[in-house]
Amino acid sequence: MSSESAISCRNAGKAFQLYLHRNDQLMQALFGWAKTFYKKHWVLKDITFEIKKGECVGIIGRNGAGKTTLLQILCGITKPTTGSVDIDGRIAPILALGSGFDGALTGRENAIIGGAILGLKRKEIVAKLDQIADFAEIGMFFDQPMKLYSSGMVARLAFAICAHVDADILIVDEALSVGDEAFAQKCENFIAEFAKRGTILVVSHGLDYLRTLCDRVIWIDAGVVREVGDPDVIIPAYKAAVRKDDEDEANAVIGGGQAA
Amino acid sequence: MPNILTEPFERAWHHRELIRAVVRRELTSRFRDSFLGWIWAIFAPLAMLLVYTTIFTIATPAVASGVPIYDYAAASFCGLILFNVFAELAARSPTLLHEHVHFIKKSIFPAETIAWTSTIRAIVYGAISFATLLAVRLFTVHYVSWTVIFVPFIILPFMLLMLGTVWFLMALGAFTRDVAHLMVSIVPLLMFATPVFFQVEQLPAGLQPWIKLNLVGDYIAMLRDLVIYERFPSPWMYLGCFVASYAVFLFGYRFFKEYKSVIVDVL
């Protein structure tokens, strides 16, 4: 891995273990050395790519292609079954916004814990609390228990925390679909600003947005990298492929009715 | 390659800010919505200790014959403090990962810290009970053994034992809910295999070595030595407990680490 690269993924693959019975998981944990109790289901196969520092890369692919699993591997949430992943720098994952919050605690307290999860010292995060509250625009709710928040407020606070941890690498998964127009715009502005100094990996179905933001896109299809390159080339190709798939499907329905 | 003996500590040190933030949260939020707040943390052990003392005075159990009743109540309470820490953790560990599933699956939350935070929390409540016990001792026998200053040396290896147990049960509990049901059923029974209301020496000689295998019971005996009898536990016993607890600690950590990546997928 060169010192230039922020993320390097070599032949990474992920197989989930499918169990017939729930209790087979325990049997596997205890007696896995003697017998295999599961079937492997490969979600990702042989994924290899490198992202340089300062690059902004989009990931596209249809539902179920393995995008989220790939992000989970890159964040270190789950381990790849094969291959390896190297990350250089602090990651701020904006995955499912606000899923790690405790409703009984105030926004302020959750921000402190959220910052600690992302590796910030208490002092550092406390110094940034005002900025976070400003960015999230939740006003006096910052000191109210989060169970009183609307879902938009939760998402705004979560984004605000990730935006203020001084990460080197931002990993964004569809986060921008939450919140109202104005806040989505604010997030997009932040990401565009971040793109000037840091590395970004973003998964989105907003193809036009990716086209304006990204230097490169990675197209993942059925768990493998189908193409990597210039968004202006790949995204039209992807759109065409999706359209073709949809047409095939429609034809199959009209033709034989087998797909239905 | 991190040293196998110190790796769990290095990881905990690395995540110390997170552990601190979560412990703080757990301690401050527990009594937040109550009017009396932290008074409850003292009230529960105090009430229990007073009730035990009263009942033992009225109806002295056979195992307490020949012992000053205040000492017997205090000895039982020492046993209860450590046993309750164990019971709470053992009953709760198997569901810990299920409770934190959003953290684990959706953010880069280091799941091994959950064992630290729950153990520290349980020890803090144990310490409150212990302080209550010392206060009551001052009140009843007007005396506290000077050897109590060595109690932290008992608690340290006890904590390692608890951490190892929590890691192990946490990982196992992630695979099947049966572990949770099992622990809830057997923990109360384990109390009878632990010298809480009696001393190991009061048992038939043939049974004693078996009961001594119960490390929680050994810690209870050592705690009583320091708190009530003003004497030091046998150094061999201490050393044995320390080594065994450290082994449980390392085993629990290895077990948890081994299955950590699988656990994320099965939760």
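How many of the five residues of strand β6 (residues 169–173) of chain A are buried? Five of the five are, so β6(A) is largely enclosed by the rest of the structure. Buried means 20 or more other C-beta atoms within 10 Å of the residue's own, with C-beta atoms placed from the backbone; 12 or fewer is exposed, and in between is partly exposed.

This is a predicted model: local features need pLDDT of at least 70 and side-chain atom pairs count only at pLDDT 80 or more, while totals for chains, interfaces and linings use all residues. Residues are numbered from 1 along each chain as its sequence is written, and chains are lettered from A and ligands numbered from 1 in the order in which they are written.

**Strand β6 of chain A**

A:Ile169, A:Ile171 and A:Asp173 point one way from β6(A). A:Leu170 and A:Val172 point the other way. Strands (E, at least two residues) and helices (H or I, at least four) are DSSP runs, numbered from the N terminus. β6(A) pairs with two strands, as tabulated; pairing requires at least two DSSP bridges.

| Strand pair | Sense | Bridges | One facing pair |
|---|---|---|---|
| β5(A) (residues 91–94) and β6(A) | parallel | four | A:Ile94 and A:Val172 |
| β6(A) and β7(A) (residues 199–203) | parallel | five | A:Leu170 and A:Ile200 |

**Helix packing**

Two packed helices are described by the angle between their axes and the distance between the axes. Axes are lines fitted to C-alpha atoms, for helices over the stretch in contact, and angles run from 0 to 180 degrees between N-to-C directions.

In chain A, α4 (residues 122–136) and α5 (residues 151–163) pack at about 135°, with axes 8 Å apart. That makes α4(A) oblique to α5(A). Angles under 35 degrees count as roughly parallel, over 145 as roughly antiparallel, 65 to 115 as roughly perpendicular and the rest as oblique. The contact residues divide into seven nonpolar, no polar and one charged. Nonpolar covers Ala, Val, Leu, Ile, Met, Phe, Trp, Tyr, Cys and Pro; charged covers Asp, Glu, Lys and Arg; the others, Gly among them, are polar.

In chain B, the axes of α7 (residues 151–175) and α11 (residues 235–266) come within 7 Å and cross at roughly 25°. That makes α7(B) roughly parallel to α11(B). Their contact residues divide into 23 nonpolar, four polar and no charged.

**Chain interface**

20 residues of chain B are in contact with 26 residues of chain A. Contact means C-beta atoms, placed from the backbone, within 7 Å. α2(B) gives the most to chain B's side, with six residues. That side divides into ten nonpolar, five polar and five charged residues.

Methods:
Two residues are in contact if their C-beta atoms, placed from the backbone, lie within 7 Å.
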